[in-house]
Amino acid sequence: MAASFSQTAPVLVWSAAGLCLFLMLFNRYLILMPDSRWKTAAVVFAFALITGGAAVLGWVLPQVPWITAPACVIGLILIGFRAYRYEGSRLITGASHSGTS
């Protein structure tokens, strides 16, 4: 049984939203875990659980009403990234980096 585009599109959208959430979790918490032999396993498990779970939700849930949830997650993350990129790191002009003005 081949999957059609109408089945795979929600899976891809849900997986992308899950990947975005994983990267936020990884950047905020998982990377700050103390180094141990279980850190890699914890990161791989979190990736598989979040991204795989999102893909399963995309496969199981009906497409029409539930496709807005991951689309909103992706949109909010893109808005936050853009706000961080343009508002959070303003370019300082006129500053000399050589120590002399």
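**Phenylalanine rings and a buried serine**

Trainee: How far apart are Phe-22 and Phe-26 in helix α1, in helical turns?

Mentor: They are four residues apart, so about one helical turn separates them. Helices here are DSSP runs of H or I with at least four residues, strands are runs of E with at least two, and both are numbered from the N terminus.

Trainee: What sort of model is this?

Mentor: It is predicted: local features need pLDDT of at least 70, side-chain atom pairs count only at pLDDT 80 or more, and totals for chains, interfaces and linings use all residues. Residues are numbered from 1 along each chain as its sequence is written, and side-chain values use heavy atoms, leaving out hydrogens and water.

Trainee: Back to the rings. How many aromatic pairs are there?

Mentor: Phe, Tyr and Trp rings (six-membered ring for Trp) pair with centres within 6.5 Å; planes under 30 degrees apart are stacked, over 60 edge-to-face, the rest tilted. That rule gives two aromatic pairs. Phe-22 and Phe-26 are stacked, at 5.9 Å centre to centre and 25° between the planes.

Trainee: Is Phe-22 buried or exposed?

Mentor: Buried, because its relative accessibility is 7%; buried means under 20% relative accessible area, exposed over 50%, partly exposed in between (1.4 Å probe, protein chains only).

Trainee: And why is the pair with Phe-47 edge-to-face?

Mentor: The planes of Phe-22 and Phe-47 sit at 75°, with centres 5.2 Å apart. That pair links helix α1 to helix α2 (residues 39-60).

Trainee: New topic: what does Ser-15 touch?

Mentor: Beyond neighbours within four places in sequence, Ser-15 is in contact (heavy atoms within 4.5 Å) with Thr-51, Ala-54 and Ala-55.
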